[in-house]
Amino acid sequence: MQTSVAPAPQPRTEQIILFRVSGQTLAISSASVQEVRSVDNIAGMAQDLPDSTIRKVRHSIRRGDRTLYIVNAALHFGLQPQPASLVFFLRRTRAALLVDGIEKMTTMSRLQALSLAFQGEERNWYRGLTTIDQVVVPVVQPEGFLSLSELTLLEAAQLAADTRAIAEQTSGAQIQ
Amino acid sequence: MTTAPIQTTESAQSFVLLRLAERRFALPAWQVAELVAPSRIFRFPHKSPAIEGVILRRGRIIAITDISERLNGRKLTTRRFFLLATRRFGAQLDWIAVPVSGECELVTTDMMESSANDSPHVAGWLSHAGEVIEVLRLSVLTPGPPDVSASVMSRTYAETLP
C-alpha cells in the first residue's frame with residue numbers, strides 16, 4: 001500500500017519593500033505599490049496645491065483620469081523631513097508617498113497586530129509590526145495616509161488650483 | 001492607606017512583588033509572564049506618549065511603558081529588568097513590558113480589597129514583611145483602549161461605592 005504524504009503547509013508570506021523616512025525604516029506590501037519613480041522624474045508633472053490646508057500634502061499629480069495627492073511621509077509620521085528622493089504610487093488609494101529611499105525588498109512571514117497599548121494615530125498608520133533580521137519594523141497601511149476628511153479638503157484645494165490654472169491660461173490667451 | 005473597613009479575600013493568592021525605585025508594589029502572579037534583562041528597544045513613529053518603544057522577546061513584540069512616573073512621580077533612573085505582564089481587555093490578552101529597578105519576589109498571601117478611597121490603579125493591599133504594599137491594576141496604569149479603561153475605572157468606583 002502506498003501512503004501519500006501530504007506536503008507540509010508552507011507559511012504564508014508576503015513580499016514587502018523596506019523604505020526609509022527620516023532615518024526610520026518602515027515596510028509596505030509590494031502588492032500595494034504600483035510604481036516607484038524618482039522625485040526628479042515627476043517634478044514637471046506635479047501640480048502645486050497652494051491652498052492645501054493639509055501640511056503633509058503640497059502637490060498633486062494626474063495619473064490617467066485620477067488625481068493623486070503626494071504625501072510627505074516624514075510629515076505624516078511626525079518626523080523631521082529630509083530631502084526625499086522617491087515617490088511610491090500606491091494602488092487603490094489617492095495617495096502617492098514621498099520617501100527618502102528604498103532599503104531592500106524582502107519577505108515577511110508574520111505580522112503581529114499593534115499592541116492595544118498604542119492608542120494614537122498609529123492605529124491607522126500601521127497594519128502591524130513584523131521582524132526582519134531580528135529588527136522590529138512597522139508595516140504601513142496604504143489607506144492610512146489620507147483620511148476621508150483630508151481627501152475632501154484636498155479636493156477643494158485641487159479645485160482651487162485647477163480654477164486658477166484655467167484663469168491664467170485664459171488671460172494668457174486674451175493677451176496674445 | 002485608607003481607614004475604611006477592609007475586606008480580606010478568603011483564600012491566599014500568589015503575587016509578584018516588584019520594585020520601582022524605593023517603593024515596592026505587587027501584581028497578581030497570573031498576570032506576570034517573565035522577568036527579563038533589558039534588551040534592545042525598537043522605536044518607531046507613534047503618538048502614544050506613554051509608550052517608549054517595543055522589545056522583541058521569543059518572537060513576540062511587546063510595548064514598553066514606565067509606570068514609575070505615575071506611581072512615584074518620576075521615571076526610573078535604574079532599570080534592572082523588564083517585567084513582562086499581560087492585561088485583559090475584553091476577550092483580548094495584551095502584553096506589556098514594565099521596567100523595574102530590582103529583583104522580583106513571588107509571595108503567597110491574602111489581599112485586602114481596595115476601597116472607594118483608593119486610587120483606581122489600586123486593586124488591593126498586601127501586608128508582607130512589615131510592609132504594606134499596593135496591588136496594582138495594570139490595565140488602569142498602562143495605556144489601553146480608552147473605552148475599556150474608562151469603563152473599568154468607572155465600574156471599579158461604582159463597585160466600591162458604599
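Is B:Ala129 buried or exposed, counting C-beta neighbours inside 10 Å? Exposed: B:Ala129 has 10 such neighbours, and the cut-off for exposed is 12 or fewer. Keep in mind that this is a predicted model.

Stay with B:Ala129 for a moment. Its phi is near 50°. That is a positive value, and the residue is not a glycine. Where does B:Ala129 lie? In the loop between β10 (122-128) and β11 (131-136) of chain B.

There is another alanine to look at, B:Ala21. Its phi is positive too, about 55°, and again the residue is not a glycine. B:Ala21 is placed in the loop between β1 (13-20) and β2 (23-28) of chain B. Why does B:Ala21 count as partly exposed? Because it has 17 C-beta neighbours inside 10 Å. Buried would take 20 or more, and exposed 12 or fewer.

Next, confidence. The scores for the model are ipTM 0.88 and pTM 0.86. Chain B has a mean pLDDT of 86. Of the residues in chain B, 83% reach 70 or more. Over residues 149-162 of chain B, pLDDT stays under 50. For that stretch, the model has 15 contacts beyond four places in sequence.

On to the interface. How many residues of chain A are in contact with chain B? The count is 19 residues of chain A, against 22 residues of chain B. Two strands of chain A, β10 (126-132) and β11 (135-140), each supply at least two residues of the side that touches chain B. The largest share comes from β11(A), with 3 residues. By class, this side of chain A holds 9 nonpolar, 8 polar and 2 charged residues.

One remark on reporting. Interface size is often given as the accessible area lost when the parts come together. What I have shown you here is residue counts, 19 on chain A and 22 on chain B.

Last, a sheet in chain A. It is open and has 6 strands, with mixed pairing. What is the strand order of this sheet in chain A? Read it as β3-β7-β8-β6-β5-β4. The edge strands are β3 (33-38) and β4 (47-48) of chain A, and each pairs on one side only.

Zoom in on one pair from that order. In chain A, β7 (residues 86-90) and β8 (residues 95-99) run antiparallel, joined by 4 bridges. A:Val87 stands opposite A:Leu98, which belongs to β8(A).

Note on methods. Residues numbered from 1 in each chain as written. Chains lettered and ligands numbered in written order. Predicted model: local features only at pLDDT ≥ 70, side-chain atom pairs only at ≥ 80, totals over all residues. Contact = placed C-beta atoms within 7 Å. Nonpolar A, V, L, I, M, F, W, Y, C, P; charged D, E, K, R; others polar. Pairing = 2+ DSSP bridges. pLDDT = per-residue confidence, 0-100.
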